[in-house]
Amino acid sequence: MTEHNIQTVNILRYDPEKNNEPFLETFKVPADNTTSIQDALAYIKDHMDKSLSYRWSCRMAICGSCGVMVNKVPKLACKTFLRDYPEGVTLEPLANFAIEKDLVVDKAPFLERLEAMKPYIIGNDRKPEDGPNLQTPAQMAKYKQFAGCINCGLCYAACPQFGLNPEFIGPAAITLAHRYNLDSRDLGKVERMKLINGKDGAWGCTFVGYCSKVCPKHVDPAAAVNQSKVESAKDFIINMITMKEA
Amino acid sequence: MINYSPKRSDEPIWWGLFGAGGVWFAMITPVTVLVMGILLPLHGFGLVDISYDKVYAFVSSPIGGGFTVLSLSLPMWHAMHRVHHGLHDLQIHLGSVGKYACYLAAALVTVLATVWVIQLS
């Protein structure tokens with residue numbers, strides 16, 4: 001690749017105050033081997049069209065703000081490079097979410113789901129004077145992988161079930177619930193299983209597995225959701241035996 | 001809006017049968033096909049003496065009968081569960097009609113297999 005070539009970047013634009021529907025706009029952006037999608041967006045905003053809206057913050061794949069569809073695949077703009085798309089790219093807002101403006105989507109349904117799962121340690125009455133709540137490496141290994149989520153929402157843009165059924169709790173939120181359910185310091189599983197046991201909980205998933213494919217942190221939400229199905233099935237049987245209220 | 005007190009899903013039942021069927025189909029059915037479909041027609045390469053009477057005795061015994069019923073029914077539960085969810089994935093939404101049609105088909109195979117095996121013994 002030459003030092004500085006000109007790359008085509010198509011962006012789905014939408015301003016609810018001006019446009020009736022979203023439309024594609026093409027920009028020609030100077031790029032080299034180090035130009036990320038996010039750099040390209042910054043270049044466009046700084047030099048070509050200051051009305052362009054997009055989310056970003058850390059530029060290092062940890063804040064989870066910059067998720068966009070890159071040629072129809074959910075990706076982090078900061079972790080995706082123009083050099084991998086010599087034919088040019090088409091950027092669209094994350095699928096399965098409502099567009100607010102340009103590449104900015106309404107993430108409220110996503111955040112609502114994370115919150116509903118009570119992603120914090122429940123029922124542990126240790127006090128600061130008790131000292132740190134130690135865990136063995138084995139206890140930590142159980143949930144560590146699922147604790148890597150940066151809440152970027154790419155798995156929701158990938159999930160066909162969330163697209164078909166907007167009531168589905170979805171991959172990241174179920175993964176987060178599973179992460180706390182597996183934590184030896186936590187005693188809140190009963191509270192979280194209520195939502196997992198419903199038809200829009202773990203059972204809304206048909207194990208397509210695309211969520212795990214697009215996850216930029218290799219959290220493997222599909223594994224967490226399907227392990228949650230096992231937990232829910234166990235909960236179902238225990239509930240049947242003890243005849244407790246569902 | 002999130003429904004904070006959803007009804008418990010009945011999916012664990014169907015998913016349990018789906019899982020059992022998947023395991024049976026992946027681990028036991030290939031062996032069954034190898035033995036019943038290939039080795040026996042070849043007379044077990046001269047190692048096994050197979051006859052109608054022996055197969056009849058196997059299928060009409062409790063263990064052999066159970067094996068036959070499970071071989072016929074469990075993969076059917078697996079397949080019909082997949083068909084049910086596959087229809088949803090293909091955006092063919094048949095609701096509970098599709099669900100019960102699929103599981104009734106699997107239940108029918110289970111009942112028929114059970115009746116036939118019981119009639120033998």
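**Figure 1. Surroundings of B:Thr29 in the predicted model.** Leaving aside residues up to four places away in sequence, B:Thr29 touches B:Trp24, B:Ser71 and B:Pro75. The model shown here and in the other views is predicted. B:Thr29 belongs to helix H1 of chain B. Although B:Thr29 and B:Ser71 are 42 residues apart along the chain, their C-alpha atoms are separated by 6.9 Å. B:Thr29 has 15 other C-beta atoms within 10 Å. A residue counts as buried with 20 or more such neighbours and as exposed with 12 or fewer, so B:Thr29 is classed as partly exposed.

**Figure 2. Overall form of chain B.** Chain B contains four helices and zero strands, and its pattern along the sequence reads α-α-α-α. The C-alpha trace spans about 70 × 30 × 25 Å along its principal axes. The radius of gyration of chain B is 19 Å, whereas a compact globule of 121 residues would have a value near 14 Å. Of the 121 residues in chain B, 18% are buried. Among contacts in chain B with a separation of 6 or more, 75% join residues 24 or more positions apart.

**Figure 3. Packing of helices H3 and H4 of chain B.** Two packed helices are described by the angle between their axes and the distance between the axes. For H3(B) and helix H4 (residues 95-120) of chain B, the angle is about 170° and the axes lie 9 Å apart. Because angles over 145 degrees count as roughly antiparallel, H3(B) is roughly antiparallel to H4(B). On the H3(B) side, the contact is made by B:Gly65, B:Thr68, B:Val69, B:Leu72, B:Ser73, B:Met76, B:Trp77, B:Met80, B:Val83, B:His84 and B:Leu87. On the H4(B) side, the contributing residues are B:Gly98, B:Lys99, B:Cys102, B:Tyr103, B:Ala105, B:Ala106, B:Val109, B:Thr110, B:Ala113, B:Thr114 and B:Val117. By residue class, the contact of H3(B) with H4(B) comprises 14 nonpolar, seven polar and one charged.

**Figure 4. The contact between chains A and B.** This contact draws 14 residues from chain B and 19 residues from chain A. On the side of chain B that touches chain A, the elements giving two or more residues are helix H1 (11-39) and helix H3 (62-89) of chain B. H1(B) gives the most to this side, with four residues. The residues on the side of chain B that touches chain A are five nonpolar, five polar and four charged.

**Figure 5. The contact between the two domains of chain A.** Chain A is divided into domain 1 (5-105) and domain 2 (108-242). The centres of these domains, taken over C-alpha atoms, are separated by 30 Å. Their contact involves 14 residues from domain 1 of chain A and 12 residues from domain 2 of chain A. Strand E3 (67-70) and strand E4 (73-76) of chain A each contribute at least two residues to the side of domain 1 that touches domain 2. The largest share of that side, three residues, is from E4(A). The side of domain 1 of chain A that touches domain 2 of chain A divides into 10 nonpolar, three polar and one charged.

Note on methods:
Residues numbered from 1 in each chain as written. Chains lettered and ligands numbered in written order. Predicted model: local features only at pLDDT ≥ 70, side-chain atom pairs only at ≥ 80, totals over all residues. Contact = placed C-beta atoms within 7 Å. Nonpolar A, V, L, I, M, F, W, Y, C, P; charged D, E, K, R; others polar. Axes fitted to C-alpha atoms, helices over the stretch in contact; angles between N-to-C directions. Parallel < 35°, antiparallel > 145°, perpendicular 65-115°, else oblique. Domains from an automatic or database assignment. Rg over C-alpha atoms; globule rule 2.2 N^0.38 Å.
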